Amino acid sequence: MTTSSHESAPARTDGPAPDLGWSLAVVLQRWHERVEELLADVPHGSRGYHVLVACADSEASTQAALAERLLIDRSVMTYVLDDLEAADLVARRVDENDRRVRRVCVTEHGRAVLADLAARVGHVEQHVLAGLDDATRALFCAAARTAAVAIQETSPDLDPCAAVRTVVGDAPAARRAPRRRGRARS
């Protein structure tokens, strides 16, 4: 009789019970570590990347609309956009219908950088989820997105950046807890 690798793998007893919170925290921590390394040259790292993605996905949003959509404080959004603009990734343009309004647009350089970064982030995501086959990976990503959107709609003040910091910490040392080793088995 042949058993699958899932059936033959011994159950782990030396760590926390793998419930949903533990599982999501482990996945988020690994994703964050790898993506932050990848985005080290992007102003504000993954936050700057997500702002750039949001700018590219929408029809020239206002700064206030971007802040609301991404749940970033408006004053923080100003600094993020200032730095993305200084890196020639976005530009603020006067709205043709209301000169008091500035629209945030991705520059040509920003689109080229974003295309490269999106491919590299996608590669990291595939690596992080390498334990899943393609269909399961797609299902996991779709389910996670659906759950996140539902949570955001019911809790519009939830700060995803604070949630990430809670899981992964602010400093690399905070992300690395020593592993406890169980007794050697004979």
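This is a predicted model: local features need pLDDT of at least 70, side-chain atom pairs count only at pLDDT 80 or more; totals for chains, interfaces and linings use all residues.

Me: Why is Ser46 called buried?

Reply: Buried means under 20% relative accessible area, exposed over 50%, and partly exposed in between (1.4 Å probe, protein chains only). Ser46 has 12% relative accessibility, so Ser46 counts as buried. In the protein chain, buried residues make up 25% of the 186 residues.

Me: What makes the pairing of the side chains of Ser46 and Glu36 a polar contact?

Reply: A polar contact is a pair of N or O atoms within 3.5 Å; within protein, one must be able to donate a hydrogen and the other to accept it, and residues adjacent in sequence count only if both atoms are side-chain atoms. The two side chains make such a contact at 2.4 Å, so the value lies within the limit of 3.5 Å.

Me: In which helix is the place of Ser46?

Reply: Ser46 belongs to helix α3, residues 45-57. Helices (H or I, at least four residues) and strands (E, at least two) are DSSP runs, numbered from the N terminus. The protein chain has nine helices and two strands, in the order α-α-α-α-α-β-β-α-α-α-α from the N terminus on.

Me: How do α2 and α3 cross, and why is the arrangement given its name?

Reply: The axes of helix α2 (residues 20-38) and α3 come within 9 Å and cross at roughly 80°. Axes are lines fitted to C-alpha atoms, for helices over the stretch in contact, and angles run from 0 to 180 degrees between N-to-C directions. Angles under 35 degrees count as roughly parallel, over 145 as roughly antiparallel, 65 to 115 as roughly perpendicular and the rest as oblique. The angle therefore makes α2 roughly perpendicular to α3. Trp31, His32, Val35 and Glu36 of α2 make the contact with Gly45, Ser46 and His50 of α3. By class, two nonpolar, four polar and one charged residues take part; Ala, Val, Leu, Ile, Met, Phe, Trp, Tyr, Cys and Pro count as nonpolar, Asp, Glu, Lys and Arg as charged, and the others, Gly among them, as polar.

Me: What is the angle between α3 and α5, and what is the arrangement called?

Reply: α3 packs against helix α5 (residues 74-86) at about 80°, with the axes 10 Å apart. That angle makes α3 roughly perpendicular to α5. Arg47, Gly48 and Val51 of α3 meet Val76, Met77, Val80, Leu81 and Leu84 of α5. This contact has six nonpolar, one polar and one charged residues.

Me: Why is Arg93 called partly exposed?

Reply: Its relative accessible area is 43%, so Arg93 is partly exposed. Arg93 is placed in strand β1, residues 90-94. Not counting residues up to four places away in sequence, Arg93 touches Val101, Arg102, Arg103 and Cys105.

Me: Which term applies to Cys141, and why?

Reply: Cys141 has a relative accessible area of 27%, so Cys141 is partly exposed. Cys141 is found in helix α7, residues 134-154.

Terms used:
Residues are numbered from 1 along each chain as its sequence is written. Side-chain values use heavy atoms; hydrogens and water are left out. Contact means heavy atoms within 4.5 Å.
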